[in-house]
Amino acid sequence: MSRDVDIGVGIIGASPGRSWAAMSHIPALQALSGYRLRAVATGSAVSAERAGTEFGVDGFDDPRALIEHPLVDLVVVAVKVTHHQQLVSQALAAGKMVFCEWPLGVDAYEAQSITDEGVRAGVPTVVGLQSRFTAGVRQAAELVRSGHLGRVVSTSIVGSGLAWRRVTDPSHAYMFDRRSGATTLTVSAAHALDALSFVLGETIRYTASFGLSSPYVEVAGEAEALTVTAPDQIALTAELASGAVASVFYRGGSSRAANLRWEINGTDGDLLLTSPSGNGNIQIGDLALAAGHGADTKIVEIELPSPTAEVVNVPPGPAVAVAELYAAFTRDLRNGTQDAPTFVNRTAVTPRVSRHRARGALDTASRGALDTVGGGSASKRHD
């Protein structure tokens, strides 16, 4: 397939309304050149028909039909993590390029299996770690690499995983089960760790403590509360390869004080990333950046870079960072570069499998810690 021809995209999990695909992938693809949405797949015939009509493409209630669609070159897997391995495997077996949302699998073993299949298939892949393409994270990385802060000595992130509140709705209740693969640790904290690694480099050693704010969560409209098995209080400390020290704390729910604060401290300057909208998820991208340098006595907000030329027509919101990821993937296909994170990319700043192994070790530690009342702690060296 010529890389100058539009890439036909099929999205599995593109239910109309508030689904992640509907809020991010579809607006991104509709505004980008080089891509053409060809098909969507959802969980029922009714929703598939509605989605096909709303988005003006073929709608299927069987993902295999989307994968086999002759005009689909790139299969996007944007469903629950428990379905990732099966759907990615089917798409790779069909010889299709694959975009899989993060995390790749419910644990490190599934992630490694998916990665191995991607290697054997020999087709381009991309994974949904878009935080590095947000304007605030890109600018922070540029300032760090230019030496604006001098030598970075420490960094701290405090954030909120807004989805893990005291009361949830039935469609999100699964995220309070650690077996779902979608938890405060694997989603909000993991995206933050990926952004941290992109800006400051890899982690060589970390320790972790985990806890639950409550052993139960209320489900709206249901009489009985649900038992929580996934920790929603995540405290990590780390030593970076550069010698800097990092701390990352994520809590479920929200904070009246602030839902995101990321500070980076150097020998000659400081940076502060915050979310004016109160969103605690770094990967969404609505960030403000302030900096102080040299003789400055306080930080001041600095202007962020504009979206790249390919993304200028994307509506504001979560679609912007996702569109930047798609644009980077296109450039990689065209130029032979490796800027977009992939299943197997080890030349980018954040190796995919390494990140999953670290997450797997932490997740295993969290399970052991939660066997005791009120949480616990664990240590792990990551080389």
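Okay, let's start inside. The largest nonpolar core has 37 residues, and I157, V199, Y250, W262, L271 and I282 have the most contacts within it. By nonpolar core I mean a set of buried Ala, Val, Leu, Ile, Met, Phe, Trp, Tyr and Cys residues joined through side-chain atoms within 4.5 Å. Buried is under 20% relative accessible area, exposed is over 50%, and partly exposed is in between, with a 1.4 Å probe and protein chains only. Helix α7, residues 184-200, gives the most to this core, with 9 residues. There is also a second, separate core of 35 residues, including V322, A323, A327 and F329. The general background here is that in soluble globular proteins nonpolar side chains tend to be buried together.

Before I go on, the ground rules. This is a predicted model, so local features need pLDDT of at least 70 and side-chain atom pairs count only at pLDDT 80 or more, while totals for chains, interfaces and linings use all residues. Residues are numbered from 1 along each chain as its sequence is written, and side-chain values use heavy atoms, with hydrogens and water left out.

Now the overall picture. The protein chain has 9 helices and 18 strands; helices (H or I, at least four residues) and strands (E, at least two) are DSSP runs, numbered from the N terminus. Of its 383 residues, 53% count as buried. Among contacts between residues at least 6 apart in sequence, 69% join residues at least 24 apart, where contact means heavy atoms within 4.5 Å.

Back to α7. What does V199 touch, leaving aside its neighbours within four places in sequence? Its contacts are V137, A140, A141, V144, R145, W262 and I264.

S188 also lies in α7, and at 1% relative accessibility S188 counts as buried. Its side chain makes a polar contact of 2.8 Å with the side chain of N281. For that term, think of a pair of N or O atoms within 3.5 Å; within protein, one must be able to donate a hydrogen and the other to accept it, and residues adjacent in sequence count only if both atoms are side-chain atoms. Leaving aside neighbours within four places in sequence, S188 is in contact with G161, W164, T183, Y250 and N281.

Pick T183 out of that list. T183 sits in the loop between β8 and α7. Is T183 buried or exposed? Buried, at 3% relative accessibility. Not counting residues up to four places away in sequence, T183 touches W164, M175, D177, R178, S188 and A230.

That brings us to β8. Three strands form an open sheet in the order β8-β10-β11, with mixed pairing. Two strands pair if DSSP finds at least two bridges between them. β8 (167-168) and β11 (226-227) are the edge strands, each with a single partner, so one side of each has no neighbour in the sheet. β8 pairs with β10, residues 216-219, in the parallel sense over 2 bridges, and T168 stands opposite V219 in β10.

Of the 36 residues lining it, the closest to its centre are R18, W20, H172, Y174 and M175. α1 (20-31), β8 and α7 each supply at least two residues of the lining. On method, a 1 Å grid goes over the protein atoms alone, and a pocket is an open set of points with protein on both sides within 12 Å along at least five of seven lines; lining residues have an atom within 4 Å of a point.

Over to the N-terminal stretch. β1 (residues 7-12) and β2 pair in the parallel sense over 6 bridges, with A39 in β2 as the bridge partner of G10. In β2 (residues 35-41), 5 of the 7 residues are buried, so the strand is largely enclosed by the rest of the structure.

In α4, the buried residues are H84, L87, V88, S89, A91 and L92. They pack against β1, α3 (63-67), β4 (74-77), β5, α5 (108-121) and β6 (125-128). A94, in the loop between α4 (84-93) and β5 (97-101), is partly exposed at 39%. α4 is followed by G95, with a positive phi near 80°.

Last one: the peptide bond from W102 to P103 is cis, with omega near -5°, and P103 lies in the loop between β5 and α5. For context, most residues other than glycine have a negative phi, and most peptide bonds are trans.

Methods:
1 Å grid on protein atoms, 1.4 Å probe; cavity = no way out; pocket = protein on both sides within 12 Å on 5 of 7 lines; lining within 4 Å.
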